[in-house]
Amino acid sequence: MIAYLPWLLAFHVMGFTAWMAGIFYIPRLFVYHAQLDECEEPKAYERYCVMEHKLLRQIMAPAMVFTLLTGGIMSFLPGVIDWQSAWWWIKLACIAGLIVFQGFCFHYQKAFVVRKNQNPERFYRFFNEVPTILMMILVLMICVRPSF
């Protein structure tokens, strides 16, 4: 199975790239959505609901599953991961953070659909920074693999 590691890694990076693209884009949609007055612009409001729904369910969710699946397979290949290394556990914590972030995205998208969004656009602007920080830590842990 180790002979397939380069292929798994390539597919993992592709999945992660698609997942992160969605994770970076969805809060921007929430910002624009929160700026709308649904009474004045009902068609635009509905369009954002559809866009967010499709992004979450047709792009982000499959990309996340694919990323976790390929990463999980790689992590169980002998010799790929040193389970004693701190960088590995920090990486896993960041991945858990991204999964939680996506869960919040599902929650906020539902709130828009049922017309119960309580967050102003400024909230979503700050919310957008969370995955950036997590991704930076993830990349550092993977590329540098610091020993603590």
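**Ground rules**

Buried means under 20% relative accessible area, exposed means over 50%, and partly exposed sits in between (1.4 Å probe, protein chains only). This is a predicted model, in which local features need pLDDT of at least 70, side-chain atom pairs count only at pLDDT 80 or more, and totals for chains, interfaces and linings use all residues. Residues are numbered from 1 along each chain as its sequence is written, and side-chain values use heavy atoms, with hydrogens and water left out.

**The salt bridges**

Search the whole structure and you get three salt bridges, each a side-chain nitrogen of Lys or Arg within 4 Å of a carboxyl oxygen of Asp or Glu. One pairs R125 with E121, with the closest N and O atoms 2.9 Å apart. Both sit in helix α4, four residues apart, so about one helical turn separates them. (Helices are DSSP runs of H or I, at least four residues, numbered from the N terminus.) E121 counts as partly exposed because its relative accessibility is 28%; R125, at 34%, is partly exposed too.

**The R115 network**

Shared partners join E38, E46 and R115 into one network of salt bridges. R115 meets E38 at 2.3 Å, N to O. That pair links distant parts of the chain, 77 residues apart: R115 is in the loop between α3 (86-113) and α4 (121-127), and E38 in the loop between α1 (5-35) and α2.

R115 also meets E46 at 2.4 Å, N to O. Here the partners are 69 residues apart, with E46 in helix α2. By relative accessibility, R115 is partly exposed at 37%, E46 at 36% and E38 at 29%.

**A buried threonine**

T67 also belongs to helix α2 (residues 42-75), but its 3% relative accessibility makes it buried. Neighbours within four places in sequence aside, T67 is in contact with H12, G15, F16 and W19, contact being heavy atoms within 4.5 Å.

Technical notes:
Helices (H or I, at least four residues) and strands (E, at least two) are DSSP runs, numbered from the N terminus.
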